[in-house]
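Morning, everyone. Please bring up the model on your screens, and we'll walk along the chain together.

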Amino acid sequence: MANKGSINMEIGNDGVAVITMINPPVNALTLSAIEELKRCYQEAIDCDNVKAIVLTGADGRFCGGLDISVMENVHKHGDISLLPDASIGLVVNKIENGKKPSVAAIQGFALGGGLELAMGCNARISTPKCDLGLPELKLGVIPGCGGTQRLPRLVGTSKAVDMLMSSKTITSEEGKELGLIDAIVSSDELLTVARCWALDIVEGRQPNCNSLEKTDKLGPKDESLQILKSARQSYAVSRYRDCLDVIEEGIVAGGYSGLLKEEKVFKELVLSNTAKGLLHVFLAERASSKVPSVTDTGLKPRRIEKVAVVGGGLMGSGIATALIISNISVVVKEINHEYLSKALKSVEANLQGFVTRGKLNQDKMKRTLSLLKGTLDYEDLKDVDMVIEAVNENVSLKQSIFEDIEKVCTSECIFASNTSTISLDVIGKRTTSQDRILGIHLFSPAHLMPLVEIVRTENTSPQVIVDVIKFTKILRKVPIVVKNCTGFAVNRSFFPYMQGPDLLANLGVDIFRIDRVITEFGMRLGPFQLQDLSGYGIFLAGVEEFVAAYPDRAFQSPLVQLMVENGREGKKNGKGYYTYNKRSKPEADHSVLQIVEESMRLTNIAPAGKPISVTDEEILEMIFFPVVNEACRVIEEGIVVRASDIDIASVHGFKFPTETGGVMFWADTIGSEYIYSKLKGWYEAYGDFFKPSTFLEQKAAKGLPLGGSC
Ligand SMILES: C[C@H](O)CC(=O)SCCNC(=O)CCNC(=O)[C@H](O)C(C)(C)COP(=O)(O)OP(=O)(O)OC[C@H]1O[C@@H](n2cnc3c(N)ncnc32)[C@H](O)[C@@H]1OP(=O)(O)O
C-alpha cells in the first residue's frame, strides 16, 4: 500500500489499482488531494501491472466535492490561480483519457466535484440509497469539473437541467434508472464488483463508455435547445442562466468546448459576491451548532423519541407536524375536546399541504399521522422525553403548566417553552427542574420555517442543550443557541426593521417607494406589505413589547393605530396600505397617504414639516443599518455565540437575502466606519432610534469588521 496523504493507492494481484480518497468527514477534495489523485492515476497508468482502476472514498462516503476551504482561500486572496486544475488536468487527462479504464465505487454520497470525478469514470457502481447531485448553484457557482457536460450526456438534458437548477440530489436507485449508475450492490460487494467491472471493460465484456463523447441521451439538438430555452424563462438569476449557457455550448459545439466554457464561467462566479455570501451561509449554518463549553465537552446527545406538545393552536399544531414528519411520536395535550379535535385536524391539514405540493404521498401521510395522539390528561405525558409548551404568552398559565408537567414526567424529561418573549426563568420559577428548562423558539409556520432559537438560561445543563441541538438536526432545522432577552436574537435584531420604515414614513418618505426599495434589495415583501399580511394586531403587540424592553431607542409611531381607526386591517379585511382582492395581486392604495400625513402631523419629526429628500440607497441604509446596530448589541451582550449566528437568524428567520451572506456579513462588505458615521449623522438629525451602539462605535474606531465571518 502506497500512502499518498489523503489519497491511498493499492494495487491488487488482479491488476486493479484501487485509489481511495481519505479526508474525513466527507472526503472533500483539497488542492493536495487533487494533486495526489493525478499522481496516483499517472502511477497506475504507467505501471505495467495495472490493467484498470477503481476510484472510491473512505469510511462509507465517496466524496463531498471540492473542499470548501479552497474557495474560501480564493475569496480571501481574490486570486483564482489558487483553484486546482481538476477539470482538464485530472478528469479529462488522467481519468477519462488515461488509457486504463476507471470504475467509480460509490458509497454514501457523491456530490459536486465528487460526482464529477465519478462521471469521468467509465462506469459507476453504487451501494443502495446514495445521494448523488451537483449542488454548486446553491454555493453561488456552477460545477467546475465537467458536471454541466457529462450529466446531460448520462441522464438526458431535461433531468440534468432539473438536477442542476434545483441543486437537489437523487438516490442511486433513481440514478440507476436514469443511466447515471451502472449497478447497485451491497457495501460488502462494492469493491469486488467494481474491480470485476473494471476488468470486464478491459476484456471488452462491458462497454468502455466515455461520458463526454456520449450523445444518445442528449437526443435531437433542437429538443435539447428547447429544454434550455424553457428553463431560461423560469430562471432570472444570472448564475442559473450562465449554467444553461454552458450546457448549451456543449450541445452546440461539443463536450470539450463546453468544458472550456464551464471552466471560464466557474472561475468568474467563484469570485462573485453571491458565491462569497452563500459560502458564508453554508459555513455559518454548520458553525451555529457548535457551542463552546457545551458541544466540545464530549457529551453525547440522548435520543428524543417521544414529545408532548402542550397547546395545539397555530404554533402547537405546526410544531407537532414538524415532529411527526421527522418520525418523532407526538402527544398533543389540549384543555377540551373541541380544541383537541381542532389541533389534530390542523396537523392533518398541514400534512395534506405536503401531499398537495408533492412532498408526501397519501400512504406516507397515513403512516406519519399514526405517530400523533391527542390527550386531555397530563397522565399521558408520563413517558415522553420532552415537553414543548406552546400556549398563549400568559405567564401564570405557562408557570402552572410547568408545575403540572413536573409532577407527571420523568426526572430526565426536558421541559421546553416556545415562548418568543417571556423569560424562561420566570416560566420555570415554580419548578425544581431549572437545569432541564430551556426555550425552543420556532417560527411560524413551524413545520416549514427552518430556524430554531434554542434559548438557554444560566441553569440549563449542557447535556440538555446538546440533546436539543441534535433534536433540531433530526427535524432538519438550523439551530442557533441564544441567551434569554426580550426578542432573543431574531426578533430583537429585527425589531428596528419594524420601526425604521414607520419612522421614514413619518419623515415623509413614500411608503410604496420604501417597499419597492426593500423588495428590489431581495426581501420577499416590503415592510408595509408585511404589516398588512402579518396583521396590525401582531405588529402593535410586538412594538409595545419592544418599547417596554428597549425604551431608549424605540420610535413611537401612531401610523398603524391610525390605520386601525380608519377601518383598515390589512389583508384581513382586504384594506391596508394595499388593497387585497382574491383574483388579483395586491395594489397600492394611494388614499392611505392621507393617513400617513395625519401621522406625520402628530409626530412632527420631519424637518420644517417637509418630507426629507433621500436616495433609494439611503432608504435601504436607514432601514437596515439600525438592524445591524441592534445586532451589534446582541453580540456585545453575548446573546448569541458568534456574529455569524445573526447571519443565520437573519437569513432563515427574517428572510434577509441569502446571497448577501446575512445581515452582519453584508454589513462587513460595507464597513463598520461607514455604517457608524451614517447612523451618527441620523442620530443627530432624527433622534435616539439611530444612536450607534458602543460595540459598533468601537469597531468603527479601530476600522474592524463586525465579525460576520465564522
Ligand atoms: C469544482 C466543483 O464543481 C465545485 C464543488 O465541488 S463545490 C462543493 C460541492 N459540494 C457540496 O456542495 C456538498 C456540501 N456538503 C453537504 O451538502 C453536506 O455537508 C454533506 C451532504 C456532504 C454531508 O452532510 P452532513 O452529514 O449533514 O454533514 P455536515 O454537517 O453538512 O458536514 C459535515 C462536515 O463536513 C464539512 N463539509 C461538508 N462538505 C464539505 C466540503 N465540500 N468541503 C469541506 N468541508 C465540507 C462541513 O463543513 C462539516 O464540517 P464540521 O463538522 O466542521 O462542521
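The centres of domain 1 and domain 3 are 49 Å apart, taken over C-alpha atoms. Keep in mind that this is a predicted model. The domain assignment puts domain 1 at 2-217, domain 2 at 306-484 and domain 3 at 492-701.

Look at the loop between strand S3 (16-21) and helix H1 (31-46). Proline 25 sits in that loop. Its peptide bond with proline 24 is cis, and omega is about 5°. So much for the loop.

Next, H1 itself. Its partner here is helix H3, residues 87-96. The two pack at an angle of about 20°, and their axes are 10 Å apart. That makes H1 roughly parallel to H3, because an angle under 35 degrees counts as roughly parallel. The crossing of H1 and H3 is left-handed.

An unreviewed UniProt entry places the feature "domain: 3-hydroxyacyl-CoA dehydrogenase NAD binding" at residues 306-485. That is the record speaking, so take it as an annotation. In the model, this span is 39% helix and 22% strand. Its end C-alpha atoms lie 29 Å apart.

Two helices to pick out here. Helix H13 covers residues 314-324, and helix H14 covers residues 337-356. Their axes come within 9 Å and cross at roughly 50°. That makes H13 oblique to H14. The crossing of H13 and H14 is right-handed.

The peptide bond from serine 444 to proline 445 is cis, with omega near -5°. Where is proline 445? Proline 445 lies in the loop between strand S16 (437-442) and strand S17 (451-456).

Take the two stretches in turn. Residues 487-580 are 60% helix and 3% strand, and the end C-alpha atoms are 30 Å apart. Residues 622-703 are 70% helix and 0% strand. For that stretch, the end C-alpha atoms are 21 Å apart.

Asparagine 604 has a positive phi of about 50°, although it is not a glycine. Asparagine 604 is in the loop between helix H25 (593-603) and helix H26 (616-636).

That brings us to H26 and its packing. Helix H20, residues 495-506, and H26 have axes that come within 9 Å. These axes cross at roughly 150°. H20 and H26 are therefore roughly antiparallel to each other. The crossing of H20 and H26 is right-handed.

H1 and H3 are roughly parallel. H13 is oblique to H14. H20 and H26 are roughly antiparallel. And the cis bonds to look up are at proline 24 to proline 25 and at serine 444 to proline 445.

Conventions. Residues numbered from 1 in each chain as written. Predicted model: local features only at pLDDT ≥ 70, side-chain atom pairs only at ≥ 80, totals over all residues. Domains from an automatic or database assignment. Helix = DSSP H or I, 4+ residues; strand = E, 2+ residues; numbered from the N terminus. Axes fitted to C-alpha atoms, helices over the stretch in contact; angles between N-to-C directions. Parallel < 35°, antiparallel > 145°, perpendicular 65-115°, else oblique. Left-handed = near helix turned anticlockwise from the far one by under 90°.
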